[in-house]
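Subject: Structure handover

Hello,

Here is the structure I said I would pass on. My notes on what was found in it follow below.

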Amino acid sequence: MSDTPAPVLRAEGLVKTHHGEGAPVQAVRGVDLSVRQGEFVAVTGPSGAGKSTLLHLLGGLQRPDSGSIHLDGACTDAYSEARWAIERRRRIGIVFQFFNLVSNLTVADNVELPALLAGTSAKRARAERESLLAELGLENKARSMPGELSGGEQQRVALARALVNHPGLLLADEPAGSLDSKGTREVMRLLTRFHQRGQTIVLVTHDARLASTADRVISFYDGRIADDAELDGTGSPGTGISSVLELKD
Amino acid sequence: MRLPLLALLAHGPAHGYELKQDLEQLLGPEYPQPNVGQIYVTLGRLEKSGLIEGEDVAQSSRPNKKVYRLTDAGREALQVWFEETSVESRVRDDFFMKLALAPRTGLADQISLINKQRRQYLNTMRSLSKLATAENRDNPIANLLVEGAILHLQADLDWLERCQEELE
């Protein structure tokens, strides 16, 4: 047991309450979660179930009221904001529903910026950017401004930016939430491709179709994990895909 | 499968294996297809009820093959099929019965039933979206079939969410 590598991410007893204008809302109420190297995990559930808050806690964008988060076995409880910012540059990449690109920087600069901030040489940052944009089919958009791109293209740029420092963990918060069905399929295809190459991914989505691209689906209700299931894509015998598409009579 | 086979024959006479190939071309090779045996059985029934007629055609080096053509009665049945709107039951649901009756039996827990069913739907969804996102898919009709199945499943999953909210 001692020589198994520590999980990429381990959360214990996470609790988070939002204090808004009305009564306090317990968005996350006691979550234990462990994500191993190379896993693709989707967290799904109705809106308002607290899944985005959970993802924000896992990426250090919000701090839990109680509970702990370990990254690669290291406890983050004492991390400052600045330390979390460094982790989000090196160890954790994040994509959001609304892309959050810097609107007055070119596509190329948006992707290179986190590499430069992490201390990568300009030459190396450029090479990384070129290969990622080529991989994502955006090589001829490098000089464009984000506002000139479609939503699907902007999300691909955001994905390149999140992956430019080769983070061990990719967090995705409703990455297809503002895309049409073509853009959604594109995101599904890319996440699958990066996962097949060994990328560890935690995806939060209300979209069951997107969630079903993951190997493990966590159903999140009312701030708690209601179910945690490995998907094998076969379903129970005799009731899988063939009964859905079967020609009757 | 009776009416789809009639519809394929409306285009012109064909033998059983040709019909199987036509279906495959329509739906795409990845989709679950009726096997040749099922097609021959259905063709036999259609012939018995006078909707198609079979004619043995001699082949030089092989056994005879039977070529079927649509009869007037068959054409009429097809006409009726296209005129009727398609009604599918949305309330007869095996899972619903399990969920509704579980508490009385003491044999199953509702939340476990919901979780189990959700896993089933998600696995089916996974297979379907693999089909839908497979690259080089160029059969729009077949894609629509998969899209439809995905949307129905999505609704089933949403409904499970409602059940969970209500029963937990």
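In chain B, B:Leu51 sits in the loop that joins α3 (36–48) to β2 (52–57); helices (H or I, at least four residues) and strands (E, at least two) are DSSP runs, numbered from the N terminus. This is a predicted model, in which local features need pLDDT of at least 70 and side-chain atom pairs count only at pLDDT 80 or more, while totals for chains, interfaces and linings use all residues. Residues are numbered from 1 along each chain as its sequence is written, and chains are lettered from A and ligands numbered from 1 in the order in which they are written.

The model has an ipTM of 0.79 and a pTM of 0.83. For chain B the average pLDDT (the predictor's confidence in each residue, from 0 to 100) is 88, and 94% of the residues score at least 70.

B:Leu51 is buried because it has 24 C-beta neighbours inside 10 Å. A residue is buried if 20 or more other C-beta atoms lie within 10 Å of its own, exposed if 12 or fewer, and partly exposed in between, with C-beta atoms placed from the backbone. Leaving out residues up to four places away in sequence, the contacts of B:Leu51 include B:Leu6, B:Thr71 and B:Ala77 (contact: C-beta atoms, placed from the backbone, within 7 Å). B:Ala77 is 26 residues from B:Leu51 along the chain, with 7.7 Å between the C-alpha atoms.

B:Leu6 belongs to helix α1 (residues 2–9) of chain B, where B:Leu5, B:Leu6 and B:Leu9 are buried. These residues are on the same side of α1(B) because they cover an arc of only 100 degrees around the axis, the arc being that of the directions from the helix axis to the C-beta atoms. Among the elements covering them are α3, β2 and α4 (72–83) of chain B.

Chain B as a whole has 7 helices and 3 strands. Its radius of gyration is 22 Å, well over the 15 Å that the globule rule gives for 168 residues, so chain B is more spread out than a compact globule. The radius is taken over C-alpha atoms, and the rule is 2.2 Å times the number of residues to the power 0.38. Buried residues make up 20% of the 168 residues in chain B.

Two backbone angles in chain A are also listed. A:Asp72, in the loop between β4 (66–71) and β5 (74–75), has a positive phi near 45 degrees. A:His166 has a positive phi near 50 degrees and is exposed, with 11 C-beta neighbours inside 10 Å.

Regards

Key: Two residues are in contact if their C-beta atoms, placed from the backbone, lie within 7 Å.
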